[in-house]
Amino acid sequence: IAIRKGDTAMLEKVTQGLDAMKQSGEFDKLLVKYNLQAPSAEEIAKYMPK
């Protein structure tokens, strides 16, 4: 998911959507279905510095 730098409104919407998917279990179902794993906080920080 790519969001234009500085577009805080879009970032908030995407974050809310992902949070909702995680809470409902849908996110985990997709990870299993496509044999993926969620990135760790360390991986996110490494590849997406602020």
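I began with Asn-35, which is exposed, with a relative accessible area of 72%. The model is predicted. I placed Asn-35 in the loop between helix H2 (26-33) and H3. Then I checked its backbone. Phi of Asn-35 is near 55°. That is a positive value, and the residue is not glycine.

**Entry: fold**

I looked up the secondary structure next. The protein chain has 3 helices and 0 strands. From the N terminus on, I read the order as α-α-α.

I then turned to dimensions. The C-alpha trace spans about 30 × 25 × 15 Å along its principal axes. The radius of gyration of the protein chain is 12 Å, whereas a compact globule of 50 residues would come near 10 Å.

How much of the chain is buried? I found that buried residues make up 6% of the 50 residues.

**Entry: Gly-6**

I went to the segment before H1, where Gly-6 has its place. Is Gly-6 buried or exposed? Its relative accessibility is 67%, so I noted Gly-6 as exposed, the cut-off being over 50%.

I also took a distance from Gly-6 to Glu-43. The two lie 37 residues apart in sequence. In space, C-alpha to C-alpha, Gly-6 and Glu-43 are 22 Å apart.

**Entry: the largest pocket**

I looked for pockets. The largest pocket has a volume of about 860 Å³. Its lining consists of 21 residues. Which of them lie nearest the centre? I listed Leu-11, Thr-15, Leu-18, Ile-44 and Met-48.

I then asked which helices supply the lining. Helix H1 (8-24) and helix H3 (41-47) each give at least two residues to it. H1 gives the most, with 7 residues.

I sorted the lining of the largest pocket by class. I have 13 nonpolar residues in it, along with 3 polar and 5 charged.

**Entry: rings and charges**

I searched the whole structure for aromatic pairs and found 0. I did find a charge over a ring. The charged end of Lys-22 sits over the ring of Phe-27. I noted a distance of 5.3 Å from the ring centre.

**Entry: recap**

I close with the points to keep. The chain is built from 3 helices, and H1 is the main contributor to the lining of the largest pocket. Asn-35, in the loop between H2 and H3, has a positive phi. Lys-22 has its charged end over the ring of Phe-27.

Note on methods. Residues numbered from 1 in each chain as written. Predicted model: local features only at pLDDT ≥ 70, side-chain atom pairs only at ≥ 80, totals over all residues. Heavy atoms only, no water. Phe/Tyr/Trp six-rings, centres within 6.5 Å; stacked < 30°, edge-to-face > 60°. Lys NZ or Arg CZ within 6 Å of the ring centre and 35° of its normal. 1 Å grid on protein atoms, 1.4 Å probe; cavity = no way out; pocket = protein on both sides within 12 Å on 5 of 7 lines; lining within 4 Å. Points joined across faces, edges and corners; volume = space filled by probe spheres on them. Helix = DSSP H or I, 4+ residues; strand = E, 2+ residues; numbered from the N terminus. Nonpolar A, V, L, I, M, F, W, Y, C, P; charged D, E, K, R; others polar. Rg over C-alpha atoms; globule rule 2.2 N^0.38 Å. Buried < 20%, exposed > 50% of the residue type's maximum accessible area, 1.4 Å probe, protein only.
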